[in-house]
Amino acid sequence: MSEIGHRKNDHINAVLKSDVRSRKTTGLEAVVFEHVALPELDFENIDLTCPFLGYTLQAPFLVSSMTGGLGIAKHINETIAEVCQSLQICLAVGSQRIALEENQQDGLNKHIRRLAPSVPILANIGAAQLRLLNETGSLLKLIDMIEADALIIHLNPLQEVLQPGGDKDWSGVLNQIDIAVRSLATPVIVKEVGFGISARVAKQLWNVGVKIIDVAGSGGTSWAAVEAARAPSDLTREVAETFRDWGISTAQSIRMIDDLQCGIQIIASGGLRTGLEAAQAIRLGASLAGFAAQLLPAAVEGAESLNAAISKLMTELRIAAFCTGSASITELKRAAIL
Ligand SMILES: Cc1cc2nc3c(=O)[nH]c(=O)nc-3n(C[C@H](O)[C@H](O)[C@H](O)COP(=O)(O)O)c2cc1C
């Protein structure tokens with residue numbers, strides 16, 4: 001397996017086996033809903049559906065990008081695709097860098113689309129790699145490889161500078177995103193990986209035509225902690241640990257971008273563990289809630305476990321809607337908070 005392949009497997013192992021969470025919270029706990037003791041609703045009739053990229057999702061959920069690598073990654077991606085199809089929610093694959101650079105599409109090919117024919121599938125590539133492969137042809141290949149509905153470009157500058165062999169030259173990245181947006185017919189979504197996106201950065205992205213941003217804020221998986229867990233020396237581990245709690249919390253990032261009132265569609269992710277947290281994020285202005293590390297153990301276990309884990313999130317979201325007197329996701333967005 002190549003160096004990048006090993007790195008990806010290390011990431012999965014670190015998230016599964018080590019404590020890699022930020023010590024700070026997502027900030028979502030500060031969103032306190034009015035408990036409506038008279039909901040005047042039939043719980044079973046609450047409508048959790050929401051539109052996304054031309055599809056109707058059965059719940060405003062996304063299984064966030066986790067893996068594009070080989071071996072166990074193939075099994076994980078296939079399980080995620082199968083369950084997202086059965087529950088009719090959105091799925092994002094992990095970085096397709098290996099698939100592109102090393103021409104190894106194991107687990108990331110049209111089979112994913114066959115497993116999930118009627119839900120949105122999001123392709124994924126790192127912003128720092130754009131410069132190396134920003135001929136439109138390469139980006140189209142990423143999308144075509146899995147017949148994706150949109151391309152996620154992830155921003156992970158902190159992770160790249162902390163990881164051995166990471167891409168440290170981030171000059172000209174916004175221009176590369178601009179080129180990608182202009183040259184692709186499919187939408188481009190920009191996300192962080194757990195340190196959040198500020199209003200200023202969101203505006204820069206909006207100005208080059210990015211219309212959907214996944215905040216991936218702090219409060220959950222800390223990629224500084226992941227890099228600390230796999231650091232080759234005490235020195236690099238200590239440097240990485242220094243930044244474990246870095247970043248803009250998920251709640252703060254949603255708020256700042258929503259306050260811009262410019263029409264950016266916000267995906268909330270970073271540290272989400274429950275359907276109640278998804279409800280809180282939606283109330284702050286998000287239209288979808290993304291889950292990564294919370295679902296990884298179940299995805300590794302298999303389709304039944306993952307189905308149960310996501311169904312639990314749906315039940316929790318439905319309860320939050322019920323107890324706020326919200327008959328739908330649209331109403332939940334306006335639910336009273338204290
Ligand atoms: C094992 C693992 C691998 C990941 N790989 C990618 C990736 O390839 N591309 C990407 O954009 N984000 C990747 N992420 C980041 C997640 O999509 C997400 O933004 C981040 O983990 C924060 O969400 P969480 O707190 O729910 O884990 C990965 C996360 C995990 C747990």
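Predicted model: local features only at pLDDT ≥ 70, side-chain atom pairs only at ≥ 80, totals over all residues.
1. Now the whole chain. The protein chain holds 16 helices and 10 strands. Its C-alpha trace spans about 60 × 45 × 40 Å along the principal axes. A compact globule of 338 residues would have a radius of gyration near 20 Å, and the 19 Å of this protein chain agrees with that. Of the 338 residues, 50% count as buried.

2. Take contacts between residues at least 6 apart in sequence: 79% of them join residues at least 24 apart.

3. Where is Ile264 placed? Ile264 sits in the loop between α12 (250-259) and β9 (265-268). Is Ile264 buried or exposed? Ile264 is buried, because 20 other C-beta atoms lie within 10 Å, and 20 or more is the cut-off for buried. Leaving aside residues up to four places away in sequence, Ile264 touches Ala202, Trp206, Lys211, Ile213 and Ile257.

4. Helix α15 deserves a careful look. It runs over residues 303-323, which makes 21 residues. From first C-alpha to last, α15 reaches 30 Å, close to the 30 Å expected at 1.5 Å a residue.

5. Which residues of α15 are buried? They are Leu306, Ile310, Leu313, Leu317, Ala320 and Ala321. Seen down the helix axis, the buried residues of α15 fall within an arc of 105 degrees, so they line one face of the helix. The face turned away from that buried side carries the exposed residues Glu304, Ala308 and Thr315.

6. What do the buried residues of α15 pack against? Their partners include the strands β3 (61-63) and β10 (288-291). The helices α2 (72-87), α13 (275-284), α14 (296-301) and α16 (329-332) are partners too. After α15 comes Gly325, with a positive phi near 70 degrees.

7. Most residues other than glycine have a negative phi. Gln88 has a positive phi, near 60 degrees, and is not a glycine. Gln88 lies in the loop between α2 and β4 (90-92). Gln88 counts as partly exposed, because it has 16 C-beta neighbours inside 10 Å.

8. Glu147 is the other residue to check. Its phi is positive, near 50 degrees, and Glu147 is not a glycine either. Look for Glu147 in the loop between α6 (136-145) and β6. With 15 C-beta neighbours inside 10 Å, Glu147 counts as partly exposed.

Methods
Residues numbered from 1 in each chain as written. Helix = DSSP H or I, 4+ residues; strand = E, 2+ residues; numbered from the N terminus. Expected span 1.5 Å × (residues − 1). Buried ≥ 20, exposed ≤ 12 C-beta atoms within 10 Å, placed from the backbone. Arc of directions from axis to C-beta. Contact = placed C-beta atoms within 7 Å. Rg over C-alpha atoms; globule rule 2.2 N^0.38 Å.
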